[in-house]
Amino acid sequence: MYSLEQWVRYGDEIRRPFHVNPNLPKSTRIVIVGGGLSGLSTAFLIARKRQDVSIEIIEKENRLGGVIDTWRSDEWCCDVAVNATRPHPSVWRLVKYLGLEKEFSQSRPEARKRWIHDGNQARRLSPISALKIGPIRLARSVKKARKGGRSVMDLIPDKEVADALTLGVVNDVAINVDADFLFPTLTRFGAKPPKRWSGIKKEMMRTFPIFTPTKNSMSSFEGGMSTLTEKMITLLMQMSNVNISLNTRFKTPSEAANHFNVEQSSVIWTAPLDVREPDNKISVFAVGYNESDVESVETGYGTLIPNSDIPVSGILHESDIHSSRRAPDGFRLFRIMAPHSRWDGEQAEIRKSAKQFLSDRDPVIFELIGVRSIPAYRPGYMERISNKNPNYSRLGWNFSGVSITHVICEAERVSDLF
Ligand SMILES: Cc1cc2nc3c(=O)[nH]c(=O)nc-3n(C[C@H](O)[C@H](O)[C@H](O)COP(=O)(O)OP(=O)(O)OC[C@H]3O[C@@H](n4cnc5c(N)ncnc54)[C@H](O)[C@@H]3O)c2cc1C
């Protein structure tokens with residue numbers, strides 16, 4: 001049972017499983033496996049509070065940041081993974097501790113429109129899309145999904161809308177995605193709030209430092225998401241109680257504990273662990289045009305493409321979305337996502353899709369900027385992980401929540417225990 005104060009501080013992230021070993025806060029030496037956003041923010045938030053706690057960050061690659069990276073070329077700037085955050089006070093507090101207030105701003109309100117494209121025509125995605133499903137049909141399916149273990153397709157009985165929602169987050173179709181995982185508030189998964197959620201949200205809105213975000217807004221960093229991870233890495237490297245090891249991999253929490261001669265309760269695991277379902281792999285392209293060549297593309301957030309005959313699942317209007325610049329004057333930048341389950345690896349196919357959805361004219365830039373794996377969260381996933389009780393701690397999107405609001409909030413919850 002969580003207090004109202006905790007609900008206001010962490011919001012509905014509190015509904016998700018929180019696998020933190022009760023002895024972790026007693027540790028004076030912590031080993032964090034995984035140097036992505038989860039490992040970095042957990043290390044940073046504990047280390048800034050408790051200089052007497054020494055922290056080892058272990059990363060298997062030769063760089064930190066995990067899936068987050070920003071491709072930059074002259075005045076072009078495009079995120080490979082997350083590009084903006086939904087409002088959550090934990091994120092705003094982290095930005096403030098990092099001293100990044102000036103680099104952090106709300107995305108452009110005129111770029112909120114989202115579309116679903118079926119291959120023939122685009123349809124605007126809005127609250128009206130839900131009305132089209134029919135309120136009674138929707139209410140019935142929500143009620144059924146509250147029994148647990150259902151898919152997003154069970155929750156939202158319109159295949160096109162449901163697939164668009166899941167593609168936009170986990171690049172998978174709705175039937176494969178756990179409804180409790182993606183929409184725990186709607187399915188009423190986990191802890192129950194001590195009063196109406198809408199009232200808690202109102203109180204939460206008063207706690208944002210820097211600026212109070214407007215409803216349904218997104219916010220982002222000048223210079224892309226790497227601005228966040230780069231600043232955190234710089235500060236962590238200056239902290240005398242933090243040690244970072246790159247190119248180092250542990251197979252299990254017990255191996256990490258033995259190596260550093262600590263109890264397993266001092267290990268925080270943010271990497272993948274047990275092999276579950278195969279991850280969803282996607283390739284990410286940055287595609288830039290002369291403004292005049294994409295005049296017919298309306299300003300907006302982007303388009304989701306559920307039709308699996310098309311090799312592209314989503315197109316984000318990067319230079320429309322952010323308040324900070326992503327393209328030189330007179331140009332527009334788009335980010336195209338190609339799931340490997342639909343795409344044969346031929347770049348000509350992606351160019352063909354760019355012609356179909358953006359412009360007949362050739363782009364001025366066309367770059368494959370990265371390949372990323374997105375964990376799969378099959379129906380019943382949240383119920384399954386809720387019953388686990390490991391003797392170490394497990395955090396991050398490889399476990400209990402997909403978005404950076406979850407990852408950062410969870411890191412803050414852990415640091416609040418110290
Ligand atoms: C294309 C894409 C778009 C996204 N869009 C959004 C969005 O719009 N909004 C949003 O909120 N979120 C979005 N996300 C999700 C967001 O990026 C993640 O939630 C977040 O970055 C996850 O951080 P993490 O530290 O939990 O995991 P990771 O970044 O996966 O970090 C795990 C780290 O562990 C390391 N590691 C793995 N195994 C081992 C081992 N055995 N030993 C040591 N180290 C190991 C890895 O190399 C990695 O550095 C997106 C992600 C992708 C890929």
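**Close-up views of the model**

**View A. Ser 359 is placed in the loop that links H14 to E15.** The model is a predicted one, in which local features need pLDDT of at least 70 and side-chain atom pairs count only at pLDDT 80 or more, whereas totals for chains, interfaces and linings use all residues. Residue numbers start from 1 along each chain as its sequence is written. Helices (H or I, at least four residues) and strands (E, at least two) are DSSP runs numbered from the N terminus. Ser 359 counts as buried because 20 other C-beta atoms lie within 10 Å; the limits are 20 or more for buried, 12 or fewer for exposed, and partly exposed in between, with C-beta atoms placed from the backbone. Leaving aside residues up to four places away in sequence, Ser 359 touches Tyr 289, Asp 293 and Val 294, where contact requires C-beta atoms, placed from the backbone, within 7 Å.

**View B. Seven strands form an open sheet with mixed pairing, in the order E7-E6-E12-E13-E14-E11-E15.** Strand E7 (122–125) and E15 are the edge strands, and each has a single partner, so one side of each has no neighbour in the sheet. Pairing requires that DSSP finds at least two bridges between the strands. On average, and with direction ignored, neighbouring strands of this sheet are turned by 25° against each other. Within the sheet, strand E12 (residues 302–304) and strand E13 (residues 314–316) are joined by 3 bridges in the antiparallel sense, and Leu 304 faces Gly 314 of E13 as its opposite residue. Helix H14 (residues 347–357) packs on this sheet, with contacts to strand E6 (114–117), E11, E12, E13, strand E14 (331–339) and E15, and its direction makes about 125° with that of E14. Axes are lines fitted to C-alpha atoms, for helices over the stretch in contact, and angles between N-to-C directions run from 0 to 180 degrees.

**View C. Five strands form an open sheet with parallel pairing, in the order E9-E2-E1-E10-E16.** Its edges are strand E9 (242–245) and strand E16 (393–394), each of which pairs on one side only. Strand E1 (residues 29–33) and strand E10 (residues 267–269) share 3 bridges in the parallel sense, with Ile 32 opposite Ile 268 of E10. Two helices lie across strands of the sheet: H2 across E1, E2, E9 and E10, at about 170° to E2, and helix H12 (residues 253–260) across E1, E2 and E10, at about 140° to E1. Arg 50 belongs to the loop between H2 and strand E2 (54–58). Arg 50 is classed as partly exposed because it has 16 C-beta neighbours inside 10 Å. Although 368 residues apart in sequence, Arg 50 and Phe 418 are 7.4 Å apart in space, C-alpha to C-alpha.

**View D. The shell around the ligand consists of 35 residues, and the closest are Gly 34, Gly 36, Gly 66, Gly 396 and Ser 403.** A residue belongs to such surroundings if its C-beta atom, placed from the backbone, lies within 6 Å of the molecule. Helix H2 (37–49), strand E11 (280–290), strand E15 (365–374) and helix H16 (404–416) each contribute at least two residues to the shell. The shell comprises 17 nonpolar, 13 polar and 5 charged residues; Ala, Val, Leu, Ile, Met, Phe, Trp, Tyr, Cys and Pro are taken as nonpolar, Asp, Glu, Lys and Arg as charged, and the others, including Gly, as polar. The ligand lies between domain 1 and domain 2, because both give residues to the shell.

**View E. The protein is divided into domain 1 (4–68 + 84–105 + 203–276 + 392–416) and domain 2 (109–114 + 277–374).** These bounds come from an automatic or database domain assignment. The domain centres, taken over C-alpha atoms, are separated by 29 Å. Domain 1 and domain 2 each bring 7 residues to the contact. On the side of domain 1 that touches domain 2, there are 2 nonpolar, 3 polar and 2 charged residues.

**View F. Strand E3 (residues 70–73) and E4 form a hairpin with 2 residues between them.** The strands pair in the antiparallel sense over 4 bridges, and Trp 71 is opposite Cys 78 of E4. In the turn, Asp 74 has a positive phi of about 45°. From strand E4 (residues 76–79), Trp 76 and Cys 78 point one way and Cys 77 and Asp 79 the other, and all are buried.
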